[in-house]
There are 2 protein chains.
Amino acid sequence: MQNFTLHTPTKVLFGKGQIAELANQIPAGARVLITYGGGSVKSTGVMDQVYQALKNHQFEEFGGIEPNPTYETLMKAVELIRAGDFNFLLAVGGGSVLDGTKFIAAAVAYPEDPWQILETTGSNITEAIPMGSVLTLPATGSEANNGAVVSRRSTGDKRHFFSPHVQPLFAILDPVVTYTLPKRQVANGVVDAFVHTIEQYLTYPVNAKVQDRFAEGLLLTLIEEGPKALENPKDYDVRANIMWSATMALNGLIGAGVPQDWATHMLGHELTALHGLDHAQTLAVVLPSLLEAKKEQKRAKLLQYAERVWNLHEGTEEQRIDGAIAATRNFFETMGVPTRLSGYGLDGSTIPSLIKKLDEHGYRSLGEHGDITLADSQRIYEAAI
Amino acid sequence: MQNFTLHTPTKVLFGKGQIAELANQIPAGARVLITYGGGSVKSTGVMDQVYQALKNHQFEEFGGIEPNPTYETLMKAVELIRAGDFNFLLAVGGGSVLDGTKFIAAAVAYPEDPWQILETTGSNITEAIPMGSVLTLPATGSEANNGAVVSRRSTGDKRHFFSPHVQPLFAILDPVVTYTLPKRQVANGVVDAFVHTIEQYLTYPVNAKVQDRFAEGLLLTLIEEGPKALENPKDYDVRANIMWSATMALNGLIGAGVPQDWATHMLGHELTALHGLDHAQTLAVVLPSLLEAKKEQKRAKLLQYAERVWNLHEGTEEQRIDGAIAATRNFFETMGVPTRLSGYGLDGSTIPSLIKKLDEHGYRSLGEHGDITLADSQRIYEAAI
């Protein structure tokens, strides 16, 4: 096991009716700015529950944070906060609203051009406005970690940053609010949480038994519950198990003390930035291709994954590994998420542009061994056509 | 899944050499009181590492906190702190030092008789001195939760309390410091962590898949690594896996959203209070007997436990359940911890006294269903002779 520091201070309030707890979680005198996305939180009644909980608080709203939140949109909120002297942010939405709100929280107090926050991956942040969230889409884990991803429309960039200053104080997770999600978002969320887990698990063994078994527990749960959520959208326990899996997949716990990969995410980000694919769609395209390409380096963990997650005990090692990769691809397809670029109308002709962007962003040696070169990335994209 | 609130704010610093991090975790101007137990931390060199890390801090020491820490001893530290104006406590030791230090931290500021803290299970605590720890014995999980158990010599009581005010700010976990532990303490720690997990797992199903699989992951790890720690005391990964399992077994995570039992602990506490048995010894005695007695109420989870933890797939349900209980007993015995009262020279003649104490403490309806009456407890003790 590798050395680690693990700090998970976000308080989680989980279950039916927990939105009412907002009243006790946000300081009484706070000037709250509620951030949200395209407005579905209003049509589904989630925002009404928020209003009810905050009836004794002072608050205003900022809507319109888009999927893959953009610097351009977020800077409008930053101006609003500077003008209105808000001192608490409440994100109501999914990972994009969460991520965008983290950026807003840090940018308000940032003394120079806030795009630097992304260029320095957050290392220069010294303060941020406190924030909490009501999560509506289980997927990214952003509700209980200190990371965020932001895009810039003008340049086609998609970059991430981390800072303890943007760790949410609390996260309210009511599985009931996920009943009305479109199938595509449900499927994306399951794939996203699954690949987050894989990025921290499918590397090389360091004899970290607890972390491995926790990761396997999340993968098994997502495999079992994901298809059920598409079939029976109002099954509370199914929604609860998915929601809790997604938070646990990226709050730092399963990645503590083990190697991490994240190459699938880096290659995926460029696909979103250039072609606008949903984040989870890019992961479903890149991961099977990457596992195929890095079969030797990931051999021991692929065998463990085949056995413990996909129950593959028969055949040669090669057959079990191939079986596990095929089962992974099949799981994504079963969730309705295509795993080939062609499934999104792409023919691979833009791969040189994707590689150029990876190069510009400095992603020339990715993966847990840092051995995925630009040439490897090119092969991974090509094998995914 | 049941509703829950989960807050795990203790920062964990895990691995070789992490004691040096103390220098950065304790505020520079703090007046630190280091608390410890019988002095083994001095002979093993752990305290030297602490001194080295705190060479630029102001500190004094309070030693002599005993296993099953007593109110009588702890109140001496309270007087010392009041006289010396200390404002940070650093516990260096195992669960008893941690628990004792939590009591000290709360008692210093408690306006009335501090024994009330135990009588009200901590509900009246409004402040406590901040604390952190260097853990030397993985077992109780006290390093990363807000609970503690304290005994009173004068009355033979053993009581617990909880308060968010005594949640440690940080926990330093260096598996290397556990190399020199006596075998009995290693075995006790493994049994303790195992039973903590069981108390939050082996109840009745609520379809909490993540929590179940996390619990099973801890049980499997302890079963695999426990005996290895006795055989190869200096195997770093074995020690690391046990240490991390013990913390994860009782930081709130696996118990969030599921029913909990804790009857084994309540029956065990009376055995320690009356006969001075080690905490883990009492758990090893009570648990198999309790599982046997509550077979019907725990049926579904016992079958899951048999299958997923002990790999028992053959035979009737009854045979698998019996097999799982026998395997549990055998595991404790393999660790060198007897599972019968007779193994500790007790013949059961004091059972009426134990039942009287349970009655005095109000433990007349224990377990996840509250259906373990005093008569049931008596049968559980008797079957454990």
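Six bridges join strand β6 of chain B to strand β7 (residues 157-162) of chain B, and the two strands run antiparallel. Strands are DSSP runs (E, at least two residues) and helices are DSSP runs (H or I, at least four), numbered from the N terminus; two strands pair if DSSP finds at least two bridges between them. This is a predicted model, in which local features need pLDDT of at least 70, side-chain atom pairs count only at pLDDT 80 or more, and totals for chains, interfaces and linings use all residues. Residues are numbered from 1 along each chain as its sequence is written, chains are lettered from A and ligands numbered from 1 in the order in which they are written, and side-chain values use heavy atoms, without hydrogens and water.

**Hairpin in chain B**
- Five of the six residues of β6(B) (residues 147-152) are buried, meaning under 20% relative accessible area with a 1.4 Å probe, protein chains only.
- B:Ala148 has B:Phe161 of β7(B) as its bridge partner.
- Four residues lie between the strands of this hairpin, where B:Gly156 takes a positive phi near 70°.

**Relation of the chains**
- Chain A superposes on chain B by a rotation of 180° with 0.0 Å of shift along its axis, at RMSD 0.0 Å, by least squares on C-alpha atoms of residues with pLDDT of at least 70 in both.
- The two copies are therefore related as by a two-fold rotation axis.
- The C-alpha of A:Pro9 is the nearest to the axis in chain A, at 2.0 Å.
- The copies meet through the same surface, because 100% of the interface residues of chain A are also interface residues in chain B; contact means heavy atoms within 4.5 Å.

**Annotated region**
- UniProt (unreviewed entry) places "domain: Fe-containing alcohol dehydrogenase-like C-terminal" at residues 187-356 of chain A; such annotations may be inferred rather than shown by experiment.
- Residues 187-356 of chain A are 66% helix and 0% strand, with the end C-alpha atoms 30 Å apart.

Conventions. Buried means under 20% relative accessible area, exposed over 50%, partly exposed in between (1.4 Å probe, protein chains only).
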